[in-house]
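Work through the exercises below with the model open. Try each task before reading its solution.

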Amino acid sequence: SMLETRLEQMAIPCDRRPYKPHITLLRQAHCPGECPAAGLDCEPIEWPAKDFVLVESVASPEGASYRILERYPLL
């Protein structure tokens with residue numbers, strides 16, 4: 001992309017992995033023994049959305065922190 005080319009020209013590192021939109025529900029979870037939900041049929045979760053956000057995540061030894069950079073309403 002043009003953005004990646006410009007970053008490269010300015011010697012700014014760029015993550016070239018393909019973008020994969022995702023929702024992180026839980027990070028670094030630890031279940032003692034077998035997970036209680038293993039093998040159970042689960043009903044789908046209905047999760048209506050009114051907007052979406054661009055979030056910056058910053059990793060640190062204490063864990064990740066997140067900051068909303070921009071909010072976009074769904075039409």
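**Exercise 1.** Is Ala11 buried or exposed?

Solution. Start with the scale: buried means under 20% relative accessible area, exposed over 50%, and partly exposed in between, with a 1.4 Å probe and protein chains only. Ala11 has a relative accessible area of 69%, so Ala11 is exposed. Last, check the backbone. Phi of Ala11 is near 60°, a positive value in a residue other than glycine.

A note on the source: this is a predicted model, where local features need pLDDT of at least 70, side-chain atom pairs count only at pLDDT 80 or more, and totals for chains, interfaces and linings use all residues. Residues are numbered from 1 along each chain as its sequence is written, and side-chain values use heavy atoms, with hydrogens and water left out.

**Exercise 2.** List the elements in order and judge the overall spread of the chain.

Solution. Count the elements: the protein has one helix and two strands. These are DSSP runs, numbered from the N terminus (helices H or I, at least four residues; strands E, at least two). From the N terminus on, the order is α-β-β. The radius of gyration is 18 Å, well over the 11 Å of the globule rule for 75 residues, so the protein is more spread out than a compact globule. Here the radius is taken over C-alpha atoms, and the rule is 2.2 Å times the number of residues to the power 0.38. Now take the extents: the C-alpha trace spans about 50 × 35 × 25 Å along its principal axes. Then check burial. Of the 75 residues, 1% count as buried. Finish with contacts, meaning heavy atoms within 4.5 Å. Among those with a separation of 6 or more, residues 24 or more positions apart account for 11%.

**Exercise 3.** Describe how β1 and β2 pair.

Solution. Read off the partners. Leu54 stands opposite Glu70 in β2, and Asp51 stands opposite Pro73. Now the connection: β1 and β2 form a hairpin with six residues between them. In the turn, Gly63 has a positive phi of about 125°.

Methods: Pairing = 2+ DSSP bridges.
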